[in-house]
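Please look at the structure below before reading on.

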Amino acid sequence: MFNKIIKRGNRKGARSEGADAAARPAATSSSSAAAPAAAPVTVNHASRASAPTPSSPTSPHLPASAFPILPASAASPPLLEPLPLIRDVAAADRPGLLIRKLRLVAALFDFSDSLKHPREKEAKRQALLELVEYVQSPTPSSATTPNTPARLPDAVQEALVAAISANIFRPLPPALHESAASIDPNATPDDEEEPYLDPAWPHLQLVYELLLRYVVSPDTDTKLAKRHVDHAFVLRLLDHFDSEDPREREYLKTVLHRIYGKFMVHRPFIRKAINNVFYRFIFETERHNGIGELLEILGSIINGFALPMKEEHKLFLGRALIPLHKPKSVAIYHQQLSYCIVQFVEKDFKLADAVIRGLLKYWPVINCQKEVLFLGELEEVLEATQQAEFQRCMVPLFKQIGRCLNSAHFQVAERALFLWNNDHIVSLIAQNRGVIFPIIFEALERNIQSHWNQAVHGLTANVRKMFLDMDSELFEECQQQYIEKVAKAKELEEQRESAWRHLEAVAAKAAGDDMVLVN
């Protein structure tokens, strides 16, 4: 029985090979017939028996319903079909031609092998270039062409978005840290390793350019387009911000920003979806390639917030932006994060207290480079802080600054001392010197006496002189308190040493000569 099944399988395989061999000459002849033509060509998917069909909404392939059904006469066109240029066709016939060209754009090829399907890839590239030029070209004036049909009718927009989705919504390759973990679970990812660059980028760039031109085009009616550029489309765009290719992330940033600006109905959803990306990054993975780009988009969005600020925006600041200081990789996106934080404070100065206390909550303990970044951000926030908000948080703030002044890492101490180069911060300190001087004085004296770095010594002396010139009486009072504190500490140390010596003497007397003392 088993032998019969094997023989039957062999016969079926031979028959399918014969069918492929019979189909090959036809394809070759059609290709040779199309070769002399100068017009762009399209690929017929119906002639590929192995073409996959979509089985789920996340499939990267194009659903058949995205395109209208062709007439029976066009049911079996050749593999490469000559198509005229869009500008050479009458306006009434352009929608059909556009859909046929989008059918070609929806074709997916393996770009890792340049020898596979070179003619089809070139045909797709030419079609993309032509579509980009058509979508971005200005609309004819209604005075000269009063009866001109819509340049992008609904059927064309549906096919356009579907073709774009088929190309850009693809499975991303494993990230560098995932590849290293699959080989060695204990391996540490190399941050200096070059990111993965997609070999299909020359074509993907044209697809992204087509999407960008479609979104910004004046012919794109948001009432119609929102049915195609919907929430599911936006979510899939956000998923691809994790791409390792920086060129793709740059295009995604521009496209999503334009969608946010044009599709007002999507704005709350986009903000919420970005929040969810941040929550997952902060509290689950701590790995994402596109946090910086998303923060750049948010910087522009925050700049446009109206006053008084909504409670939703304040919650976003406290629950997403401030906790973004926690991950170890904050240095990668800190510049964009700092810009967003400062934008909030400049919009509503009453948020300064919450922001400063949030920074103190996530202040690094052993990471000196993060401390330098935090001090730089703190200076920008303090520049936008008013007197009332400063007074609420100045005690815990300057206790932390005092610890930074005494840091053994000279860059941390140096960056903390640079705060006194800012006139606004010096003004805030001067108005509250009665509270701040006693907190900071001890740290300055310790630097003068024992810090190993000469640059820190010089900067500390300058700050100390600034305090003296600002209020000499308060300076002398703080100095006297410091002297008394040092003397008291020395006296306590002597009492402790004396108590231990007394205990050792008593123990030695009780144990006799057999006791061994350990110093």
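A salt bridge is a side-chain nitrogen of Lys or Arg within 4 Å of a carboxyl oxygen of Asp or Glu. By this rule, the count comes to 23 salt bridges. The model is predicted: local features need pLDDT of at least 70, side-chain atom pairs count only at pLDDT 80 or more, and totals for chains, interfaces and linings use all residues. Residues are numbered from 1 along each chain as its sequence is written, and side-chain values use heavy atoms, leaving out hydrogens and water.

**Salt bridges**

- R170 pairs with E248, their closest N and O atoms being 2.8 Å apart.
- R170 lies in the loop between α4 (154–168) and α5 (176–183) and E248 in helix α9 (residues 246–262), so the pair ties together parts 78 residues apart in sequence.
- Helices (H or I, at least four residues) are DSSP runs, numbered from the N terminus.
- R170 is buried at 18% relative accessibility, and E248 is buried at 1%; buried means under 20% relative accessible area, exposed over 50%, and partly exposed in between (1.4 Å probe, protein chains only).
- R170, D198 and E248 are linked in a network of salt bridges.
- Within helix α9, E250 and K253 lie three residues apart, about one turn of the helix, and their side chains form a salt bridge of 2.7 Å, N to O.

- E377, in helix α15 (residues 368–383), is buried yet has no salt bridge.
- The side chains of E377 and H325 are joined by a polar contact of 2.8 Å (a pair of N or O atoms within 3.5 Å; within protein, one must be able to donate a hydrogen and the other to accept it, and residues adjacent in sequence count only if both atoms are side-chain atoms).

Notes
Helix = DSSP H or I, 4+ residues; strand = E, 2+ residues; numbered from the N terminus. Lys, Arg positive; Asp, Glu negative; His and termini not counted.
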